[in-house]
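Dear colleague,

I am passing on the structure below for you to look over. My notes on it follow directly after.

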Amino acid sequence: MRYVDFTSWHAGLTTVLGLALFTLIGVGIRVLMMQTIQQRRERMNRQINERLKTLIAAYKTLGGSFTGQLTVDPTHLRDVRMAPDGDEAAPRSSERSRRIRDTVEAALADVLLLGTAEHCRLAGQAARELAEGRPIHTAELVTSLRDFIRTALDLEPIPDDVRVPLQGPTRAQAGGGRNKDGGARDGGAKAGGGGGAGGGMGGGGGMPVDAGHGEHTEGKA
């Protein structure tokens, strides 16, 4: 306080200006630090949100099914072409299996990129078994992802009395057959004139076909 001097107007003005300059510098440093911390926190939040978004998408891909075939078939299209000719159900089933395998491989790559050490261990093991041509199960990885996501979102654990069945990869939708059917219906509508409009509405051409239902249909056939 010895530098505070109000004995004269000149000394008082110098003291006030000095205190104002010191306060301004302090406030500027504080604002700069707050902005830096806020930007770093926003960047971390964006990274966490993107990580959670990617892992949630991987969870849905790897564990979207509770029934039906819960394994991933590693067979490639070239292996199907080299196999002896069979019925038409085998190529269609192989096409569905190929789409499921492709989506699972992409999900495993995302988990290896953004997952925890436990996720990377399970995803790496699954990817290695796929590369070796062995069918894999994703239930253990799905359980680990589910627990991590619920913890990251501050959700309570699933109660012990809730028995969750084994989960497998989401079954791909048969988009090719839907487009072909839609094209056939369009042709019928043009040929039939006014009656084609009613047939198009009643045909349900816009509804997606679940590959899992297709498997049961083929089994019955």
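Helix α1 passes helix α5 in a left-handed crossing, a crossing being left-handed if the near helix is turned anticlockwise from the far one by less than a right angle, and right-handed if clockwise. Please bear in mind that this is a predicted model, in which local features need pLDDT of at least 70 and side-chain atom pairs count only at pLDDT 80 or more, while totals for chains, interfaces and linings use all residues. Residues are numbered from 1 along each chain as its sequence is written, and side-chain values use heavy atoms, with hydrogens and water left out.

The axes of α1 and α5 come within 10 Å and cross at roughly 145°; axes here are lines fitted to C-alpha atoms, for helices over the stretch in contact, with angles running from 0 to 180 degrees between N-to-C directions. R51, L52, L55, I56, Y59 and L62 of α1 meet L141, V142, L145, R146, F148, I149 and A152 of α5, where contact means heavy atoms within 4.5 Å. These residues divide into 11 nonpolar, no polar and 2 charged, with Ala, Val, Leu, Ile, Met, Phe, Trp, Tyr, Cys and Pro counted as nonpolar, Asp, Glu, Lys and Arg as charged, and the others, Gly among them, as polar.

The largest nonpolar core has 20 residues, and those with the most contacts inside it are L62, V104, L108, V111, L130, L141 and L145; such a core is a set of buried Ala, Val, Leu, Ile, Met, Phe, Trp, Tyr and Cys residues joined through side-chain atoms within 4.5 Å. Helices α1 (9–62), α3 (89–114), α4 and α5 (139–152) each supply at least two residues of this core, and α3 gives its largest share, 5 residues. Helices (H or I, at least four residues) and strands (E, at least two) are DSSP runs, numbered from the N terminus.

H119 lies in α4 (residues 117–131) and, at 1% relative accessibility, counts as buried, which means under 20% relative accessible area, against over 50% for exposed and in between for partly exposed (1.4 Å probe, protein chains only).

With best regards
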